[in-house]
Amino acid sequence: MAKPLRILVLLTAATALVVPAAPARAGLLRPVLMLLRPQLENQLTRVCVETVSAGRADLEKNLQDPCRKLAVPTSKCLIEETDNSGRSLGVLTEMVSGRFGDDSEEVVKRCLARMFGLPTDSLRDMPLRELGRRFGSYGLQEVTP
C-alpha cells in the first residue's frame, strides 16, 4: 500500500495544485472515513518524508511540516473520492485486510485526476504503474507500485 501512496504524494507535490473540493455527497460510511482521516494524514506524511528524504536523517526533520501540509488536502481528496465513487465499503474492507485493491486503486486514480483538473474517470484505464513511469522523467523513476 505504501508505493501507491508514494505515487500519490509525489504526483500531488509535482502538480502543486490544490483544487477546491467538489460539493460533498455524504454517504453512509463517510463518518467512518472521516474518523480515519488523522491516521491517513499521518501515514501520508510518513510516506512523503521517507520517500523525499531517501533515508537522509538531516532532511527528515525539515520535511515534516511540508509533508504534513501536503497530506491534508491529499487525505481530503482521498476521502471525498472514496465517498463520491461509491466504493467506501470496498476501500474500508481493503484497509481492514491490509491490502491495496481495485477499490483503493480506483479512488487514487480519481483523486489524481481531480488534482490534475481532469474528469474524475479519465485515468480509470491507466495502471498506476504507468502513471509512475510517465512521471519518471520528473525524478520519480523509482516510485512505482
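Author: A salt bridge is a side-chain nitrogen of Lys or Arg within 4 Å of a carboxyl oxygen of Asp or Glu. The structure above is a predicted model.

Reader: What is the general idea behind such a pairing of side chains?

Author: Side chains of opposite charge can pair when their charged atoms come close. In this model the count comes to 13 salt bridges.

Reader: Which side chain does Asp-121 meet in a salt bridge?

Author: Asp-121 meets Arg-110, with 3.2 Å from N to O. Asp-121 lies in the loop between helix H5 (102-115) and helix H6 (128-134), whereas Arg-110 is in helix H5, so the pair ties together parts that are 11 residues apart in sequence.

Reader: Is Arg-110 buried or exposed?

Author: Arg-110 counts as buried, at 10% relative accessibility. Asp-121 is partly exposed, with a relative accessible area of 38%.

Reader: Which residues are linked with Arg-110 and Asp-121 in a network of salt bridges?

Author: The network also takes in Glu-80, Glu-81, Glu-106, Arg-114 and Arg-124.

Reader: How many residues apart are Asp-65 and Lys-69 in helix H3?

Author: They are 4 residues apart in helix H3 (residues 57-85), which means a separation of about one helical turn. Asp-65 forms a salt bridge with Lys-69, and the closest N and O atoms are 3.1 Å apart. Asp-65 is partly exposed at 47% relative accessibility, and Lys-69 is exposed at 57%.

Reader: With which residue does Arg-56 form a salt bridge?

Author: The partner of Arg-56 is Asp-58, the closest N and O atoms being 2.9 Å apart. Arg-56 is partly exposed, with a relative accessible area of 45%; Asp-58 is partly exposed, at 49%.

Technical notes
Residues numbered from 1 in each chain as written. Predicted model: local features only at pLDDT ≥ 70, side-chain atom pairs only at ≥ 80, totals over all residues. Heavy atoms only, no water. Buried < 20%, exposed > 50% of the residue type's maximum accessible area, 1.4 Å probe, protein only. Helix = DSSP H or I, 4+ residues; strand = E, 2+ residues; numbered from the N terminus.
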